[in-house]
Amino acid sequence: MTSSALASVLPQLASGSAHTHALGFAFEGVEGDRVRLRVPYRADLVGDPETGVLSGGLVTALLDHVGGLAVWVALDAFKPIATLDLRVDYMRAAEPGRDLIAEARCYRLTRSIAFVRAWAFEDSPDDPVAAAQSAYVVTDPADRRIGRNLTPREGSRAG
């Protein structure tokens, strides 16, 4: 469940940046803790003109982006994040002429790291084109103050 403030900006976060707009990413929604994006099939997104299969780079960008959205859903807030690690396993070629859907879930959230699993598929996550495992650094703007890293954290002991 997302707050109404985050829910109102998720569609913009999904497709509002220059690269996601150019790639055609479209917000499909949130169900529980899972976020869904769709990228409509287009000829200019094809990686292999002979087969019409979508580019692997497109699949990677889609999985990375939907993973970031899943982090914000888990946080129930928009905070700066950065991809720390992204592993993508390609399991089969995407079917030419078909839209690609990506779904992600943040399954563990610590103070500074979020862990996400994501899938790209045409019809069902049970038949994935690719699966991703990723980690994102979560930055709290309150921790960016000058000298903040020199201040002992609550519960820590000096010396």
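**Entry 1: the chain overall**

I began with burial: 33% of the 159 residues in the protein chain are buried. I took buried as under 20% relative accessible area, exposed as over 50%, and partly exposed as in between, with a 1.4 Å probe and protein chains only. I am working from a predicted model, where local features need pLDDT of at least 70, side-chain atom pairs count only at pLDDT 80 or more, and totals for chains, interfaces and linings use all residues. Residues are numbered from 1 along each chain as its sequence is written, and side-chain values use heavy atoms, with hydrogens and water left out.

I listed three helices and eight strands. These are DSSP runs numbered from the N terminus, helices being H or I of at least four residues and strands E of at least two. From the N terminus, I read the order as α-α-β-β-β-β-α-β-β-β-β.

Next I looked at contacts, meaning heavy atoms within 4.5 Å. Among those between residues at least 6 apart in sequence, 61% join residues at least 24 apart.

**Entry 2: the sheet**

I traced an open sheet of six strands, ordered E1-E2-E6-E7-E8-E5 with antiparallel pairing. E1 (26-31) and E5 stand at the edges with a single partner strand each, so one side of each has no neighbour in the sheet. Neighbouring strands are turned by 20° against each other on average, direction ignored. Axes here are lines fitted to C-alpha atoms, for helices over the stretch in contact, and angles run from 0 to 180 degrees between N-to-C directions.

I then checked the pairings, which need at least two DSSP bridges between two strands.

- E2 (residues 34-39) and E6 (residues 100-109) run antiparallel and are joined by six bridges; valine 39 has leucine 100 as its bridge partner in E6.
- E7 and E8 are antiparallel over eight bridges; phenylalanine 115 stands opposite alanine 135 in E8.
- E5 and E8 are antiparallel over nine bridges; leucine 86 has serine 134 as its bridge partner in E8.

I also noted that E8 is mostly covered, with seven of its nine residues buried.

**Entry 3: the helices**

I found H3 (residues 56-75) lying across E1, E2, E5, E6, E7 (113-121) and E8 (130-138), at about 40° to E6.

Which residues of helix H1 (residues 4-15) are buried? I found Leu6, Leu10 and Ala14. They cover an arc of only 70° around the axis, which puts them on the same side of H1. The arc is that of the directions from the helix axis to the C-beta atoms. The buried residues of H1 pack against H2 (18-23), E1, E2 and H3. On the face turned away from the buried side, I saw the exposed residues Ser4, Ala5 and Gln12.

**Entry 4: the core**

I defined a nonpolar core as buried Ala, Val, Leu, Ile, Met, Phe, Trp, Tyr and Cys residues joined through side-chain atoms within 4.5 Å. The largest has 33 residues, and Leu63 and Leu100 touch the most other members. H1, E2, H3, E6, E7 and E8 each give two or more residues. H3 supplies the largest share, ten residues.

Leaving out residues up to four places away in sequence, I found leucine 63 touching Val88, Ala102, Ala118, Trp119, Ala120, Ala130, Ala132 and Tyr136. Valine 88 sits in E5 (residues 81-90). With that same exclusion, valine 88 touches Thr60, Leu63, Ala130, Ala131 and Ala132.
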